[in-house]
Amino acid sequence: MNEKLINKENLPKHIAIIMDGNGRWAKSKGKLRIFGHENGTKSVREVVEASAEIGIENLTLYAFSTENWKRPKLEVDTLMKLLVSSLRKELHTLVDNDIRLNAIGKLDALPEKAHQELLEVIQKTRNNKRMTLTLALSYGSREEIKNAVKQLASKVKNNLMSLDDIDDTVINKHLYTHDLPDVDLLIRTSGEHRISNFLLWQIAYAELYFTEVLWPDFKKEHLFQAIENYQNRERRFGKTSEQLN
Ligand code: IPE
Ligand code: IPE
Ligand code: MG
């Protein structure tokens with residue numbers, strides 16, 4: 001799949017990816033799961049750079065879910081260490097490519113070191129303009145929605161807002177993703193066909209793309225394939241095909 005086949009006039013404004021299959025990739029090679037996570041970071045770098053290069057404005061990567069805390073302690077600890085080392089190693093990639101780092105999720109649940117490193121890179125890249133890279137860390141969509149509901153209920157209760165003020169825009173403003181547009185294209189690797197508590201509100205009208213490719217094997221050409229596939233779909237948003245033309 002060649003980059004030239006992509007129509008630059010019809011790029012998704014926001015791509016979100018459920019990066020799945022690291023464990024199975026490692027297992028197929030007779031290695032420990034963590035070997036898969038390590039190799040997954042190489043795909044992250046390639047996909048981030050390729051996205052920025054072709055002009056994607058928002059890329060959101062599901063890196064660790066609220067449910068992933070239930071994994072064996074050794075795996076969780078190693079994933080957190082990998083997060084710290086990747087942030088350190090990739091700061092220059094973000095700077096060189098004019099990419100702003102952003103994070104969504106219950107960030108204070110992260111180990112102190114990872115949390116601090118994350119905030120530091122966010123701070124250092126805050127004025128970058130080409131693309132916003134959002135990492136979903138300790139992220140759960142139901143928790144995000146629950147928080148928004150609580151904030152809104154409290155504002156209504158304290159007369160800071162009336163019930164009639166609550167519309168889609170206001171709800172959006174109370175989500176972790178308040179400064180991001182809706183997802184246009186959601187990709188999940190590894191052949192699983194589920195959402196796993198990711199961006200439930202934000203994918204209301206996203207195009208879904210599932211591929212068998214395991215995350216450590218997912219490279220530039222796979223991303224371009226997904227975008228080309230997206231560009232061949234008709235997004236009707238409830239209208240008829242005739243209305244669109
Ligand atoms: C995705 O790969 C990475 C994380 C969820 C952190 P997995 O670790 O889920 O790999 P599989 O699905 O077990 O193969
Ligand atoms: C979803 O993958 C979470 C991330 C990719 C970070 P999982 O591998 O945790 O999802 P399930 O549990 O198989 O649905
Ligand atoms: Mg998985």
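**Close-up 1. Polar contacts of ligand 1 in the predicted model.** An oxygen atom of ligand 1 lies 2.7 Å from a polar backbone atom of Arg24. The model shown is predicted. A polar backbone atom of Gly21 is 3.3 Å from an oxygen atom of ligand 1. Arg33 uses its side chain: an N or O atom there is 2.8 Å from an oxygen atom of ligand 1. The protein covers 87% of the 370 Å² of accessible area that ligand 1 has on its own.

**Close-up 2. The shell and pocket of ligand 1.** Ligand 1 sits in the largest pocket. Two elements give two or more residues to its shell: α1 (22–28) and α2 (33–54). The largest share, 3 residues, comes from α1. The residues around ligand 1 are Met19, Asp20, Gly21, Asn22, Gly23, Arg24, Arg33, His37, Ala63, Asn68, Arg71 and Leu79. By class, this shell holds 3 nonpolar, 5 polar and 4 charged residues.

**Close-up 3. Leu79, a shell residue of ligand 1.** Leu79 is among the residues around ligand 1. It lies in helix α3, which spans residues 73–96. Is Leu79 buried or exposed? Its relative accessible area is 16%, so Leu79 is buried, the cut-off being under 20%. Along the chain, Leu79 and Pro216 are 137 residues apart. Their C-alpha atoms are separated by 15 Å.

**Close-up 4. Polar contacts of ligand 2.** An N or O atom in the side chain of Ser196 is 2.6 Å from an oxygen atom of ligand 2. For Arg194, an N or O atom of the side chain is 2.7 Å from an oxygen atom of ligand 2. For Arg188, a polar side-chain atom lies 3.3 Å from an oxygen atom of ligand 2. Of the 390 Å² of accessible area that ligand 2 has on its own, the protein covers 78%.

**Close-up 5. The shell and pocket of ligand 2.** Ligand 2 sits in the largest pocket. Which element gives the largest share of the shell around ligand 2? Strand β2 (residues 58–65) does, with 3 residues. The residues around ligand 2 are Ile18, Met19, Asp20, Tyr62, Ala63, Phe64, Asn68, Arg71, Arg188, Arg194 and Ser196. The classes are 5 nonpolar, 2 polar and 4 charged residues. Met19, Asp20, Ala63, Asn68 and Arg71 are listed around ligand 2 and also around ligand 1.

**Close-up 6. Ser196 and its backbone.** Ser196 lies in the loop between β5 (185–188) and β6 (207–210). Its phi is near 50°, a positive value in a residue other than glycine. At 30% relative accessibility, Ser196 counts as partly exposed. Its side chain has an N or O atom 2.6 Å from an oxygen atom of ligand 2.

**Close-up 7. Phe237, another residue with positive phi.** Where does Phe237 lie? The loop between α7 (220–231) and α8 (241–244) holds Phe237. Phi is about 45° here, positive although Phe237 is not a glycine. Phe237 has 47% relative accessibility and counts as partly exposed. Exposed would need over 50%.

**Close-up 8. His115 and Glu117 in helix α4.** His115 lies in helix α4 (residues 112–124). Glu117 lies in helix α4 as well. His115 has a relative accessible area of 14%, so it is buried, the cut-off being under 20%. Glu117 also counts as buried, at 11% relative accessibility. For Glu117 and Arg236, the C-alpha atoms are separated by 42 Å. That pair is 119 residues apart along the chain.

Methods:
Residues numbered from 1 in each chain as written. Chains lettered and ligands numbered in written order. Predicted model: local features only at pLDDT ≥ 70, side-chain atom pairs only at ≥ 80, totals over all residues. Heavy atoms only, no water. Near = heavy atom within 4 Å. Polar contact = N/O pair within 3.5 Å; in protein donor to acceptor, adjacent residues only side chain to side chain. Areas by Shrake-Rupley, 256 points an atom, 1.4 Å probe, with all protein chains shown as cover. 1 Å grid on protein atoms, 1.4 Å probe; cavity = no way out; pocket = protein on both sides within 12 Å on 5 of 7 lines; lining within 4 Å. Sits in = over half its atoms within 2 Å of the grid points. Helix = DSSP H or I, 4+ residues; strand = E, 2+ residues; numbered from the N terminus. Nonpolar A, V, L, I, M, F, W, Y, C, P; charged D, E, K, R; others polar. Buried < 20%, exposed > 50% of the residue type's maximum accessible area, 1.4 Å probe, protein only.
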